[in-house]
Amino acid sequence: DRIVTSSPKNVKRVAKALVNRGVAKGMRQDIQGAIEDYTAVIEMPDAPVDHVAQALVNRGITKGRQQDFAGAIEDYTAVIELPDAPVDQVAKALVNRGVTKGSQQDIQGEIEDYTAVIELPDAPVDQVAKALVNRGVTKGRQQDFAGAIEDYTAVVELSDAPVDQVAKALFNRGQQRNKKGETDASLADWIRVLGLSGAPSEACVEAANAILHCVIAHPNQKDDDDVTAALNTWLTQLDIKERSARLVELLAALAEPEGEKVWIYAVRRLVQDWAKAPEEFAVFTLVADILDTEDTTKLDPLPPEQRDFALEVMRKFESPEA
């Protein structure tokens, strides 16, 4: 605020301060204040083009979150058409405009914007990767499975692509290959997610979930052994606290109506054989035995708190009432 009010002649500093203040206001949920600060930069005489572009992108994002999709597209377009706008801001504007167009069912316009980023000279690799992943998702929804796989492969092979985007591309490519009946190829993609250094934990849990469902749906002893080894390799690289957290996330994701078979498999392969498993994981092993044998008397010796927890887990597998 001090720079904004005390340096009216230093346009660059004021513009930067306004953009930063707009970001801070947005984080505090002062949406109107954020938009006003971005607008002040956009309308400021002689404001540096990089700050104007950043303000337009940020205002477009803010408008989109307020469901003003037409206003968001207008701001993104202004960046794209702004003379000498920095390439990174143009790329962001194109990606965001593509996402917004997709939300408005303008599929052709969405794909065109992603393609423009991919073909934009000197576009930042993170935006190119994001555009390729997004275009792959859109192509897949349009039943262009070959095109989707091609885009995901481009991300996987893209030098210096962010690991989160590579993980998304591998997971999505595995999904597309699985739909085509290419079980080995899909498993290979999901296993690669687990082996990615720095892959987000949620991406690894998602891949592990897909792996387990695939193995149960397509029984094969070699796949079974390879998958168990890959999952345990992923888990053993984590410390006990992190490993416990990821296992709980995975078991929670697998606990769904008619999912007993996959859940039991996961417990027996990933929990029962874990020599240093925390004591609380013993309840999961017991629940797996009960689900397998339908012998609920095994709950009787448990303390009330553990018994209630076991019953809560078992209810996850019940079909919802019609």
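Let's start with Glu294, which is exposed, with a relative accessible area of 69%. Exposed here means over 50% relative accessible area, buried means under 20%, and partly exposed is in between, using a 1.4 Å probe and protein chains only. Glu294 sits in the loop between α16 (282-293) and α17 (304-315). Helices are DSSP runs of H or I with at least four residues, numbered from the N terminus. Although Glu294 is not a glycine, its phi is positive, about 60 degrees.

A quick word on what we are looking at. This is a predicted model, so to speak of local features we need pLDDT of at least 70, and side-chain atom pairs count only at pLDDT 80 or more, while totals for chains, interfaces and linings use all residues. Residues are numbered from 1 along each chain as its sequence is written, and side-chain values use heavy atoms, with hydrogens and water left out.

Asp84 counts as exposed, at 71% relative accessibility.

Now please turn to α4. How many of the 17 residues of α4 are buried? The count is 12, so α4 is largely enclosed by the rest of the structure. Among the buried ones are His51, Val52, Asn58, Arg59 and Lys63. The cover over them includes α2, α3, α5 (69-80) and α6 (87-103). Just after α4 comes Gln67, with a positive phi of about 70 degrees.

Helix α4 also leads us to the largest pocket. α2 (11-27), α3 (31-42) and α4 (49-65) each supply at least two residues of its lining. A pocket is found on a 1 Å grid over the protein atoms alone, as an open set of points where a 1.4 Å probe fits, with protein on both sides within 12 Å along at least five of seven lines; lining residues have an atom within 4 Å of a point. The lining has 13 residues, and Gly26, Met27, Tyr38, Thr62 and Arg65 lie nearest the centre of the pocket.

Next, two residues and what they touch. Lys139 is in helix α8 (residues 125-141) and is buried, with a relative accessible area of 15%. Leaving aside neighbours within four places in sequence, Lys139 is in contact (heavy atoms within 4.5 Å) with Asp144, Gly147, Ala148 and Asp151. Glu256 is in the loop between α14 (240-254) and α15 (260-270), and at 34% relative accessibility it counts as partly exposed. Not counting residues up to four places away in sequence, Glu256 touches His213, Lys316 and Phe317.

Last, the cysteines. How many disulfides does a search of the whole structure find? It finds zero, where a disulfide is a pair of cysteine sulfur atoms within 2.5 Å. The sulfur of Cys204 is 17 Å from the closest cysteine sulfur, in Cys214, and that is too far for a bond. Cys204 is buried, with a relative accessible area of 4%, and Cys214 is buried, also with a relative accessible area of 4%.
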